[in-house]
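Hi,

Here is the structure I promised to pass on.

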Amino acid sequence: MQKYLYLSSCLKKEGLFHEDTLFLLPGNIVLNAEGERTSSPLFDMLKADYALFTYGEYSRMYAEKKQDLRPSIDDMAQMFGRRVASRVLPGRTDNACLIQNKGFVVTGRFENELIAAALLVEKACRTEILAGKIGQIRYLDPVLAEAEHAVYLMKYSKHEKEAADERG
């Protein structure tokens, strides 16, 4: 319950918590927005310690476009690779997925990685939605994005996960 309270409070601060928000916690425990156990096909295929379904103002709008989200900033490439797919349900290897017409699912190996992923998807969707007002987006090369993702998984996030494990 402590993990749910922490995650939900972080999401509330960022405007990413709603009545249909869902959490996947270690042990394959799925909780709804009230913190009650439930089930969801959104998490059936995922192999992750943590996952989250939610949406923000911009991710909801972008999910209606049914288009993949391409990285335009290094942070996004590091965390997600060359794209965040747009699907009806997430695939087994998706670490982030736009759920068509609804929002997004992100995964993480620890709580703070999950929150960071959610914030990053919302930020990237905001960039896409507002880009027409300020100019054209410059996307990162897909090969570079995959390389940045590999380095993130092998080096930087490994240290973050170890620190999170030590905190308990």
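Below is what turned up on confidence, salt bridges and surface charge.

First, the ground rules: this is a predicted model, so local features need pLDDT of at least 70 and side-chain atom pairs count only at pLDDT 80 or more, while totals for chains, interfaces and linings use all residues. Residues are numbered from 1 along each chain as its sequence is written, and side-chain values use heavy atoms, leaving out hydrogens and water.

The mean pLDDT (the predictor's confidence in each residue, from 0 to 100) is 89 for the protein, and 92% of the residues score at least 70. Helices (H or I, at least four residues) and strands (E, at least two) are DSSP runs, numbered from the N terminus.

The whole structure has four salt bridges, meaning a side-chain nitrogen of Lys or Arg within 4 Å of a carboxyl oxygen of Asp or Glu. Among them is lysine 3 with glutamate 111, at 4.0 Å, N to O. That one ties helix α1 to helix α4 (residues 111–134), 108 residues apart in the chain. Another joins arginine 87 and aspartate 94 at 2.7 Å, N to O. Aspartate 94 counts as buried because its relative accessible area is 13%, whereas arginine 87 is partly exposed at 29%. The cut-offs are under 20% for buried, over 50% for exposed and partly exposed in between (1.4 Å probe, protein chains only).

Cheers
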